[in-house]
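Hi,

Here is the structure I promised to pass on.

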Amino acid sequence: MKNDKHTSTLRQLEQRRTDSLLYVFYGLLVGLLGGLAAIVYRFLLGEAESFLFAAVDWIRGGGLRMILWFVFLLLLGLVVGKIAAWEPMAGGSGIPQVSGEVRGHLDPKWWRVILAKLAGGTLAIAGGLSLGREGPSIQLGAMAAKGLARLRKVDITKERHLISCGAGAGLAAAFNAPLAGILFVLEEIHHNFDRKVLAVGIVAAVTADYLSKLCFGQSTVFSYESPLMNLKNYWLLVILGILLGVAGALYNRVMVKGQEWMEKLPRLAKIWIPFLLAGVLAVLLPQVLGGGHAMVELLLDRAPALPVLCLLLAVKFLFSVASFGSGAPGGIFFPMLVLGSYIGAIFGSIVIPLLGLPADRMDKFIILAMAGIFASIVRAPITGIVLIAEMTGSMTCLIDVVAVSILSYLTANLLGVPPIYSSLLERILAKQPQAPEPEAGAEKVLDSFLVPVGSPVEGKRIREIPWHRNCLVASLIREGRTLTPKGDTVIEAGDELLVLIARDQYADDSTYIGRLIYGDSEE
């Protein structure tokens, strides 16, 4: 038995060195499957939104129609609640679930998640809930990749790589943003700069993006211009960045508290509340329904008056809290960016007339605020910068976007509010049953850790580091050369450590090793 395990470990290491072409092939397959899953979802949600706003026009015809619409919403809520109960891992955004699976905490059935996400997410949007397609697209791409991995019976290390890359493909197809897709995987999902994930992820994201553009065209998601800003007005970026940091921290706090409050309600009441609110808003303020495309179009035509902007922002935010807190399949990604755009529009509505700035600065503030709100809520500033550049098709004055994003990111960190997806993952894991004790001789996961400059392990010998007894440093890559590590091997900055971890203890041990290498940072 020992020889079999030793042979399996050696095979896993040898494959890592020789299967580059196979990984590229898997990247193409992941891009195709993950991209198709996200494209189908994007199409279904487009049809659901068309149905929703056609229904909004229809109910204006009389009281009986309105009554029928509310009855329909109650039935719709009942069905969505049943779907969420049938597959709980399909509820909500999907990004925390993917992150939890990559870290070894979760293992949902991929086909159930895909079915529940497609059906539940489509029905939720048809009812008008304020939910986005991007988080679900990430989960759909990841689950499509997991299905491929299970059908091909690949080892657990490769499966988690493919899941990560499928997530990037889903985001690329949802936003037509391939670079943001792979960066999001590295920065938010994988939490590590793994060369294999980078290589396969780029192939998968570009493939998915190409398929998406074939289906939906090459136009950007947002059509905003980014005019040059006078250097003497750069102090405005400092104010905007700090405001967005505070707004992002408040968003995270209220979103988590909203979930806690909603979970105290009976199951039917929890799901019916946002559907009934959607019925009321269909009459009073239909612009806030759905993901928020109607609100974006409102800004594109001409920014409304300041009181209207404030009203739409407040209602959209509260409705998003109720919608997401219901547990219905759907994300917060796009609604979050819409909220950011309205914060930017409000900021512009105040400072442009006050300082006599050109009217085209409104688009500038909207773009900056979307990037800043993403950085403060998700704490993935690099992804946010690239994402907004790809979504708007504008790379001019990137320094402005960087400045606002970093300031908002730092402000949110200083306020001590955790990133939204980390908080959501903790809530999901708290509800999971106690994991069973690990079995002897369990399958090993080969994980990769890149040693940064200033790492606590830099300059130390391998034997001096308190690895867990179920972990083994199997290989070390230094400047492209693969070294066989020994007890007296000194670790240097830039080294890539390949560590074997027992599968049943992967979640805890990989986190522990990450802290050894990266210190007490968020990573």
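A word on terms before the residues: buried means under 20% relative accessible area, exposed means over 50%, and partly exposed is in between (1.4 Å probe, protein chains only). Bear in mind that this is a predicted model, where local features need pLDDT of at least 70, side-chain atom pairs count only at pLDDT 80 or more, and totals for chains, interfaces and linings use all residues. Residues are numbered from 1 along each chain as its sequence is written, and side-chain values use heavy atoms, with hydrogens and water left out.

I counted a salt bridge wherever a side-chain nitrogen of Lys or Arg comes within 4 Å of a carboxyl oxygen of Asp or Glu. That gives 13 salt bridges.

One of them pairs lysine 146 with glutamate 101, at 2.5 Å from N to O. Lysine 146 sits in helix α6 (residues 134-152) and glutamate 101 in helix α4 (residues 95-102), so this contact ties together parts 45 residues apart in sequence. (Helices are DSSP runs of H or I, at least four residues, and strands are runs of E, at least two, numbered from the N terminus.) Lysine 146 is buried at 0% relative accessible area, and glutamate 101 is buried too, at 3%.

Lysine 146 also bridges to aspartate 107, at 2.6 Å. Aspartate 107 is in the loop between α4 and α5 (110-126), so here the linked parts are 39 residues apart in sequence.

Then there's arginine 150 with glutamate 159, at 2.8 Å. Arginine 150 is partly exposed at 33%, whereas glutamate 159 is buried at 5%. Through shared partners, salt bridges join Glu101, Asp107, Lys146, Arg150 and Glu159 into one network.

Cheers
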